[in-house]
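Dear colleague,

I am passing on the structure below, and I would be glad if you could read it alongside the notes that follow.

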Amino acid sequence: MKHYKVGIIGATGMVGQRFITLLADHPWFEITELAASGRSAGRTYAEAVAGRWVMTTPLPEKVAGIIVKEAEQDAEKIAANVDFVFCAVNMDKAAIKALEERFARLECPVISNNSAQRWVDDVPMVVPELNPEHLAVIEHQKARLGTKRGFVAVKSNCSIQNYVPALHPFIKDFGLKNIAVCTYQAISGAGKTFDRWPEMVDNVIPYIGGEEEKSEQEPLKIWGSVKDGVIVKAEKPLITAQCIRVPVTDGHMSAVFVNFDKKPDMQYMIDTWNNFEGLAQKLQLPSAPKKFLNYFTEDDRPQTKSERELEHGMAVSIGRLRPDTLFDYKFITLSHNTLRGAAGGGVLLAELLCAQGYMDR
Ligand SMILES: NC(=O)c1ccc[n+]([C@@H]2O[C@H](COP(=O)([O-])OP(=O)(O)OC[C@H]3O[C@@H](n4cnc5c(N)ncnc54)[C@H](OP(=O)(O)O)[C@@H]3O)[C@@H](O)[C@H]2O)c1
């Protein structure tokens, strides 16, 4: 496999720090550029994150001395020194869209964790195990942007990264009619720790701005199809979501209720989960979990603390499948929100794009 130089835009934030830990020893990718806002620019990375490094592993030495650039002002310099960038920034949506398109027009592909472009119909929103065929719309996007190799590919919201994979294997043969989901989301999903968000200690907040709409709508793009170079979203299932912030550091859990068009057998569902393999596994991408979907038979699993790190935080854990009074079945799903749900999912998507030639020069 080739070697790629990469940049991280938003390198000082919660997701940016995750990218740093995942990429420091990556077999294909080498970090050559780090960027953030004017607040961090001009300082070494170690200085810029002093007092706010929130990862449990130490700051990798090889990035400590890199001088942080200002994402907007230094875009040309950054683009000239990398093969592509990861982007996870906290800015308003219009500014994020402009920034990402600027890098794409500088012929620098962007793997985005932001929501600003998730609904652009020629911007693929891909979970490598589920809908890799959506990458085909990149050609349409390049024609729109007038680029040869620059494009934007996005990751979906962290809240949907456990229940959508668990439901996905049944769409073709059984059809999904309607789904109710309640998500229990960790505070790192808001870029926070307990130190920085004391209100969350011993507390539950029944509101996460914009999250319920994303949780109901984004699965329909992932389950959509490519027509005339763009993604047309699926018309069903109908999804209703409630998203709740809970006092855990990392790991989003979902309580899922589902009605199928044709009801599968419970044991069939469990076997399907345990045997599921996507393109990421077939290609043996470096960050792909060996087993993506894992069913736990114990009544009290999966639990956030014991299962969120499964397969380096890239696997989905499922449990408590049982019949329901209103729906066909109910069950629990869990995934790590800043690994599978953010930076890890972004790295896996970049690996897929490299393996399929989209990052070639
Ligand atoms: N946390 C999660 O689990 C998660 C999951 C999925 C998606 N996301 C998305 O990922 C993005 C980042 O989230 P986060 O939790 O990492 O946020 P965060 O911890 O608040 O970090 C925000 C980053 O954006 C940078 N930034 C702010 N204003 C900027 C500007 N004008 N120009 C360039 N950089 C700027 C910050 O740089 P400074 O340090 O210099 O201010 C920092 O690096 C958001 O779009 C979020 O929705 C987060």
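How many residues of domain 1 are in contact with residues of domain 2, and how many of domain 2 take part? Before the answer, please keep in mind that this is a predicted model. The domain assignment of the chain gives a domain 1 made of 4-157 together with 342-355, and a domain 2 covering 160-336. Between them, 33 residues of domain 1 are in contact with 27 residues of domain 2, while the centres of the two domains, taken over C-alpha atoms, are separated by 24 Å. On the side of domain 1 that touches domain 2, helices α6 (138-145) and α14 each supply at least two residues, and α14 gives the most, with seven residues. By class, that side of domain 1 has 15 nonpolar, 11 polar and seven charged residues.

As for Ala 153, if its neighbours within four places in sequence are left aside, it is in contact with Ile 111, Val 123, Pro 124, Val 126, Ile 138, Leu 349 and Leu 353.

I also looked at an open sheet of six strands, which has the order β10-β7-β11-β14-β13-β12 and mixed pairing. Strands β10 and β12 (293-296) stand at the edges with a single partner strand each, so one side of each is left without a neighbour in the sheet. Direction ignored, neighbouring strands of this sheet are turned by 20° against each other on average. Helix α9 (residues 211-222) packs on the sheet, where it touches β7 and β10, and its direction makes about 145° with that of β10.

Strand β7 (residues 176-185) is joined to β10 by eight bridges, the two running parallel, and Asn 178 stands opposite Leu 238 in β10. Eight bridges also join β7 to strand β11 (residues 252-260), but here the strands run antiparallel, with Ala 255 of β11 as the bridge partner of Cys 182. In strand β10 (residues 238-245), Ile 239, Ala 241, Cys 243 and Arg 245 form the covered face, whereas Leu 238, Thr 240, Gln 242 and Ile 244 form the uncovered one.

With best regards

Definitions and conventions:
Residues numbered from 1 in each chain as written. Predicted model: local features only at pLDDT ≥ 70, side-chain atom pairs only at ≥ 80, totals over all residues. Buried ≥ 20, exposed ≤ 12 C-beta atoms within 10 Å, placed from the backbone. Helix = DSSP H or I, 4+ residues; strand = E, 2+ residues; numbered from the N terminus. Pairing = 2+ DSSP bridges. Contact = placed C-beta atoms within 7 Å. Axes fitted to C-alpha atoms, helices over the stretch in contact; angles between N-to-C directions. Domains from an automatic or database assignment. Nonpolar A, V, L, I, M, F, W, Y, C, P; charged D, E, K, R; others polar.
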